[in-house]
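Hi everyone, thanks for making time today.

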2 protein chains.
Amino acid sequence: MESVFEVIAEPNRRSILSLLVSSQQSVGEIERRLRMPQPTVSKHLRVLREAGFVESIVDAQRRLYRLKPEPFQEVDAWLAPFRRFWSAHLDALERHLDRMDQSTPTKGKTRKKTRPKPRI
Amino acid sequence: MESVFEVIAEPNRRSILSLLVSSQQSVGEIERRLRMPQPTVSKHLRVLREAGFVESIVDAQRRLYRLKPEPFQEVDAWLAPFRRFWSAHLDALERHLDRMDQSTPTKGKTRKKTRPKPRI
DNA sequence: CACGTATATGCCCATAGGAGTATATAAAGA
DNA sequence: TCTTTATATACTCCTATGGGCATATACGTG
């Protein structure tokens, strides 16, 4: 499990991460909420922990798992060059639609409001 | 290869995508630049194409491959909830460092310039 | 100390998918 | 039409990894 990308490729792990966004959870809570066998949960948590996506704090017999930001930032960093590329696409679409605004005066149900700028 | 996450989990595919950021490329160009066997390139391109990461246009015997934005946006959308979470962390770090700025006047080589605001 | 609860780990199996090689398809050019 | 170039596909092999189950470990409680 070298890269962060392999780690988030697994659907159950993404479910666990999404669950942890709201707040930290114990293994048992994750097990119940995701209806996942406990060993499965523990194994995925291990992968997530070793990749730095989560950390655990001990609470008696429980372990509370919570998110750590770094690997997410790594994904975000990877995405950055492509983000430049796709926002260019959105801009082109924007200009296209703007031209349509001028040439085709809206009559009826389309284009109710002015489109908001895409949040890059 | 269900999800976009599985598609980008493969290192060679990420290499191909990164290469295509600069401009569209033929299969042979990708093959040479990445020093990857041609069937390997074609197979990965197939996966990327079927997942919507790239599209190909025909140029005589060549196929020119270029990026398509949608799957990247899907990854970005998945990242969004976590982004809220980690920027909170950065803010906390920021406040912490700012407190250190006041209490510990820098003498010497560290902290050369004022830190730029993190670009959320 | 014995027992229940919470979590981690080890083992086995099945499968997906990537690598390598050979070959098919298709277009261009002689 | 024959050959060369460019790309796709088919086939085999190998390995990584996820699931299921049993069990180990660890802590709390009576």
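Before I start on the packing, one working definition: two residues are in contact if their C-beta atoms, placed from the backbone, lie within 7 Å. And please keep in mind that this is a predicted model.

Let's begin with helix H2 of chain B, residues 11-22. Which of its residues are buried? They are Arg13(B), Ile16(B), Leu17(B) and Leu20(B). These four sit on the same side of H2(B), because they cover an arc of only 100° around the axis. As a reminder, an α-helix has 3.6 residues a turn, so residues three or four places apart point the same way. Turn to the other side of H2(B) and you find Pro11(B), Val21(B) and Ser22(B), which are exposed.

What do the buried residues of H2(B) pack against? Within chain B, their partners are the helices H1 (4-7), H3 (27-34) and H4 (38-50), along with the strands S1 (25-26), S2 (54-59) and S3 (62-67).

Now over to chain A and its sheet. Three strands form an open sheet there in the order S1-S3-S2, with antiparallel pairing. S1(A), residues 25-26, and S2(A), residues 54-59, are the edge strands, each pairing on one side only. Between S2(A) and S3(A), residues 62-67, the antiparallel pairing runs over six bridges. For one bridge you can pick out by eye, Val58(A) is partnered by Arg63(A) in S3(A). Helix H2 of chain A, residues 11-22, packs on this sheet and touches S1, S2 and S3 of chain A, with its direction at about 90° to that of S3(A). H4(A) lies across S2 and S3 of chain A, at about 115° to S2(A).

Next, a residue I'd like you to click on: Phe82(A), in helix H5 of chain A, residues 70-103. Is Phe82(A) buried or exposed? It counts as buried, because it has 21 C-beta neighbours inside 10 Å. Setting aside neighbours within four places in sequence, Phe82(A) is in contact with Val21(B) and Phe72(B).

Last stop, the DNA. There are 23 residues around DNA strand D, and those that come nearest are Pro39(A), Ser26(B), Gly28(B), Pro39(B) and Arg62(B). Which element gives the largest share of that surface? H4(B) does, with six residues. By type, the residues near DNA strand D divide into eight nonpolar, nine polar and six charged.

That's my tour, and I'm happy to take questions.

Terms used
Residues are numbered from 1 along each chain as its sequence is written. Chains are lettered from A and ligands numbered from 1 in the order in which they are written. This is a predicted model: local features need pLDDT of at least 70, side-chain atom pairs count only at pLDDT 80 or more; totals for chains, interfaces and linings use all residues. A residue is buried if 20 or more other C-beta atoms lie within 10 Å of its own, exposed if 12 or fewer, and partly exposed in between; C-beta atoms are placed from the backbone. Helices (H or I, at least four residues) and strands (E, at least two) are DSSP runs, numbered from the N terminus. The arc is that of the directions from the helix axis to the C-beta atoms. A residue is near a molecule or strand if its C-beta atom, placed from the backbone, lies within 6 Å of it. Ala, Val, Leu, Ile, Met, Phe, Trp, Tyr, Cys and Pro count as nonpolar, Asp, Glu, Lys and Arg as charged, and the others, Gly among them, as polar. Two strands pair if DSSP finds at least two bridges between them. Axes are lines fitted to C-alpha atoms, for helices over the stretch in contact, and angles run from 0 to 180 degrees between N-to-C directions.
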